[in-house]
Amino acid sequence: GADGTVYVTGRAQGQMPGTSTPIGGYDGYIEAFTTTAAGKPQATFTQSFGTTGQDKPAGLVVDGNSLIVASNEDGHAILRRFDVSSGSPVLSATRDLGDLQGGSIAGISMNGGQVVIAGTTANGALSGGTVTRAASGGTDAFAATMSADLSIGAGDAIAYYGGAGNDTATSVAVANGKVWIAGSAGTDLPNQ
């Protein structure tokens, strides 16, 4: 964060220190760490989130006084926005992009005030906005951009990348306004 706070996301199958009863299965969590006057790190909050199923956070980004977490929650691509301006996380928005159908989230980033999420899915109909490139079948990589407040808007867009086989996204980066996806191709890729 801008004030030097370090934010971490992860998953736990039991109760995290400072949280309430576990939700069930594996739960996601966010934690904040600051430095004491003696120079030692200390946790300032821990917040669990998720479903009663198997949940797995895939990354977070800081957007001013908010954290945006991307996670695979019981098979769905879920984005959660937490306001941390009070020193404790307050959930301010949640967005479900849909069932990943056995896929996963490769990462999350920010680009010019928009959230970018990428991953792998067999679902060519994720609710990420206007489809700018259709799914090709099997599993494909995808990249979606949307408003940082996670509201549904006209600027939301999603593109699928892949060939005839099963393709997988393993990481995502944003540089100079472009989204870069790394991964593996099952057989062929378009124009290759």
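Residues are numbered from 1 along each chain as its sequence is written, and side-chain values use heavy atoms, with hydrogens and water left out. Because the model is predicted, local features need pLDDT of at least 70 and side-chain atom pairs count only at pLDDT 80 or more, while totals for chains, interfaces and linings use all residues.

The open sheet has 3 strands in the order S1-S2-S3, with antiparallel pairing (strands are DSSP runs of E, at least two residues, numbered from the N terminus; two strands pair if DSSP finds at least two bridges between them). To see one bridge, select Gly28 together with its partner in S3, Phe49.

**Asp149**

Now move to Asp149, in the loop between strand S11 (140-147) and strand S12 (157-161). Asp149 counts as partly exposed because its relative accessibility is 41% (buried is under 20%, exposed over 50%, and partly exposed in between, with a 1.4 Å probe and protein chains only).

Show side chains here: that of Asp149 makes a polar contact of 2.6 Å with the side chain of Ser147, and a polar contact of 2.6 Å also joins it to the side chain of Ser151 (a polar contact is a pair of N or O atoms within 3.5 Å, where within protein one must be able to donate a hydrogen and the other to accept it, and residues adjacent in sequence count only if both atoms are side-chain atoms).

Finally, select Asp63, which is 86 residues from Asp149 along the chain, with 9.6 Å between their C-alpha atoms.

Note on methods. Helices (H or I, at least four residues) and strands (E, at least two) are DSSP runs, numbered from the N terminus.
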